Amino acid sequence: QVYLGYRTGNERVGFAFVAAEPGFQDLVGLIFGYDAAKKQLLGMKVLETKETPGLGDKIEKDRAFVDQFRGAQPPLVGVKRGKRSKPGEVDMITGATISSKAVIRIINNTLKRLGPAVEAYREEGKG
């Protein structure tokens with residue numbers, strides 16, 4: 001699912017994507033925002049997860065992990081915590097590598113699949 005996002009005052013912000021793919025335990029469902037003009041993420045929120053409590057569930061509870069998606073520039077690449085140095089790199093969660101990779105994979109795969117349509121829509125002056 002793709003939604004066109006607006007700020008107060010009817011100003012277009014970007015697009016919101018809802019997507020899910022397998023994590024460690026089950027499907028991980030996300031919503032994430034994307035600014036096609038700047039080619040960067042606006043943020044990410046986990047909508048559904050059954051990942052291991054205390055480990056994999058950090059993909060939604062660890063503020064440092066969640067907050068690093070704001071302003072990130074896809075395609076995303078997971079790196080060891082503390083090694084992030086580029087706008088497309090994401091610090092993975094120690095002990096929750098599979099869950100961290102699932103979030104990155106969901107965003108990358110969704111933008112790979114739907115990004116061209118979103119870009120075409122934006123270039124037509126609609127978004």
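A residue counts as buried when its relative accessible area is under 20%, as exposed when over 50%, and as partly exposed in between. In this predicted model, Gly78 comes out at 34%, so it is partly exposed. Gly78 is found in strand E5, which covers residues 77-79. Looking past residues up to four places away in sequence, Gly78 touches Val90, Met92 and Ile104. With Ile104, the two C-alpha atoms are separated by 7.2 Å, although Gly78 and Ile104 lie 26 residues apart along the chain.

Next comes helix H3, which takes in residues 97-123. Its 27 residues, at 1.5 Å each, should span 39 Å, and the end C-alpha atoms are 37 Å apart, so the two values agree.

The largest nonpolar core holds 27 residues, and the members that touch the most others are Leu41, Met44, Phe69 and Ile107. At least two residues of this core are supplied by each of strand E2 (12-22), strand E3 (27-35), strand E4 (40-48), helix H2 (63-67) and H3. H3 gives the largest share, with 6 residues.

Leu41 is worth a look of its own. Setting aside neighbours within four places in sequence, Leu41 is in contact with Phe32, Gly33 and Tyr34, with Phe69, Arg70, Gly71 and Ala72, with Pro74 and Leu76, and with Ile107 and Leu111. Two of these partners, Phe69 and Ile107, are also named among the core members with the most contacts to other members.

Key. Residues numbered from 1 in each chain as written. Predicted model: local features only at pLDDT ≥ 70, side-chain atom pairs only at ≥ 80, totals over all residues. Heavy atoms only, no water. Helix = DSSP H or I, 4+ residues; strand = E, 2+ residues; numbered from the N terminus. Expected span 1.5 Å × (residues − 1). Core = buried A, V, L, I, M, F, W, Y, C linked by side-chain atoms within 4.5 Å. Buried < 20%, exposed > 50% of the residue type's maximum accessible area, 1.4 Å probe, protein only. Contact = heavy atoms within 4.5 Å.
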